[in-house]
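Visitor: I am new here and would like to look around. Could you show me the structure and then take my questions?

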Amino acid sequence: MVFHQQRLANGLQIIGEESPSARSVAVGFFVRTGARDEVAEVSGVTHFLEHMVFKGTPRRTALDVNRDFDRIGASYNAFTSEENTVFYAAILPEYLPQALDILADILRPSLRTEDFDIEKNVIIEEIGMYEDQPMWSAYDQAKRAFFCPHPVGNSILGTADSIRALKRDQMHEYFTRRYVAPNITVVVAGNFDWHTLVGMVGDHCSSWSAGAAGRKDVRETRGEKGFHVVTRPKVTQQNIIMMAAAPAADSNLRHAADVLATAIGDDSGSRLYWALVNPGLADSADAGFHDYEGTGSFIVSVSCEPGQAQENVEIVDDLLQAVVQKSITAEELRQAKNKIASRIVRGSERPMGRMQAIGMAWTYLGKYRSVDDELAAFDAVTLETVGELLARYPILPMTTLTLGPLETLAPPGQNGDSVSAASVPK
């Protein structure tokens, strides 16, 4: 694999990892904008704009966009996160010119008022669909409770009210300000020719605006501590989300954080699995590590029968107390590192996986990370590194939000001193 990089005169960056033995190629446009870049008045505009990008351009109707992707057999989509909006396609190498043409074209959308008004209803329906998913709703509210007022806690979808109030001109202003060339990176991985690629990207994107697009409030946050109960009588399971501070995306402890989260809560063979899932005390229990620009979070999630929720909260607290006091074992460290290494290698065997990996590394670190770089970084994690991580980010106390039929639930170690739904964060 050979890595290349180049910046156009307007500031747009191009990076590529050539792999001549690959049988396909993946291309993505990484726009460094997400929910954290929104103010309350336009909550949800980034995700809404992602939808609008596919609704047509001066050259293509929405039907044309879909047909043109289908004609070249592309696997294509987009996603919006707290910090990025990514538009991508995987194709056979001979169709890279067409894929680039389509993606570059839709990144200059028409944003027609009639399309905006129609898609607004689609977004509102999507918000309702996600709100009907208890674990997603619990996570969204827990994230807001933990990060507030830090902008990483902003909802990606927004609310039905914020979307109803949003105007087309507000979206256009946001697009003009955030979708500028210096805020976009074109990422390609797989079987392609670098010099040809640079020429094609230049042809499509060199005229894009070179305006500045910074990001406010990139400080670290340790989160707001609390225990919150959200009562949903029609929900059958109790869904519990627990969050604590963790390293940022550019921290030298991020690999240790991933290893620790895997040891605590991987979906098989982890401490949470053996403590809750294997004995049938919970339907699911896992832990994860989310890193952002400037800050990060550990997340524990549990879904169980309401009658088991109180005991499970205590079990998780005891488990985390043990980790804080004694760390993890050498065997847990080895197993977690093996799982992560397998995940990295398997993901790298497809150009789509490499495109996303190098794109995210470049977005957050400003440098190329090869597969060997990542494997070496995880291999270098030791019990001492995990100890340093726990000293700086001790997991406990965690912000907890529980959503389900229960009206009260006690924080761990409170001997029945329950918290009621009156404490739900606004």
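Visitor: How many cavities of 30 Å³ or more does the structure hold?

Guide: Welcome! What you see is a predicted model, and it holds 1 cavity of 30 Å³ or more. The space inside the largest cavity comes to about 60 Å³.

Visitor: What makes a space like that a cavity, and how is empty space found?

Guide: Rolling a probe the size of a water molecule over the atoms shows where empty space is left. A space is called a cavity when a 1.4 Å probe fits there but cannot get out.

Visitor: How does the lining of the largest cavity divide by class?

Guide: There are 9 nonpolar residues, 1 polar residue and no charged ones. Gly288 is part of this lining, and Gly counts as polar.

Visitor: What about the largest pocket: what is its volume, and which residues lie nearest its centre?

Guide: The largest pocket has a volume of about 1,100 Å³. Its lining is made of 30 residues, and Asp258, Asp291, Arg343, Ala357 and Met360 lie nearest the centre. Helix 13 (351-365) gives the most to this lining, with 9 residues. By class, the lining of the largest pocket has 12 nonpolar, 9 polar and 9 charged residues.

Visitor: Is aspartate 258 buried or exposed, and how do you know?

Guide: Aspartate 258 has a relative accessibility of 17%. Buried means under 20%, so aspartate 258 counts as buried. This residue lies in helix 9. Leaving out neighbours within four places in sequence, aspartate 258 is in contact with Phe289, Ile340, Arg343 and Phe378.

Visitor: Why is glutamate 131 called partly exposed?

Guide: The value for glutamate 131 is 39% relative accessibility. Glutamate 131 belongs to helix 4 (residues 113-131). Not counting residues up to four places away in sequence, glutamate 131 touches Trp136, Ser137 and Arg232. The C-alpha atoms of glutamate 131 and arginine 112 are 28 Å apart, with the two residues 19 places from each other along the chain.

Visitor: What makes the buried residues of helix 15 line one face?

Guide: In helix 15 (residues 383-392), the residues Thr385, Val386, Leu389 and Leu390 are buried. Viewed down the axis of helix 15, these buried residues fall within an arc of 140 degrees, so they line one face of the helix. On the other side, Glu384 and Ala391 are exposed. The buried residues of helix 15 pack against helix 9, strand 10, helix 11 (309-326) and helix 12 (330-348).

Visitor: How many disulfides does the structure hold?

Guide: The structure holds 0 disulfides. A disulfide calls for a pair of cysteine sulfur atoms within 2.5 Å.

Methods
Residues numbered from 1 in each chain as written. Predicted model: local features only at pLDDT ≥ 70, side-chain atom pairs only at ≥ 80, totals over all residues. Heavy atoms only, no water. Helix = DSSP H or I, 4+ residues; strand = E, 2+ residues; numbered from the N terminus. Buried < 20%, exposed > 50% of the residue type's maximum accessible area, 1.4 Å probe, protein only. Contact = heavy atoms within 4.5 Å. 1 Å grid on protein atoms, 1.4 Å probe; cavity = no way out; pocket = protein on both sides within 12 Å on 5 of 7 lines; lining within 4 Å. Points joined across faces, edges and corners; volume = space filled by probe spheres on them. Arc of directions from axis to C-beta.
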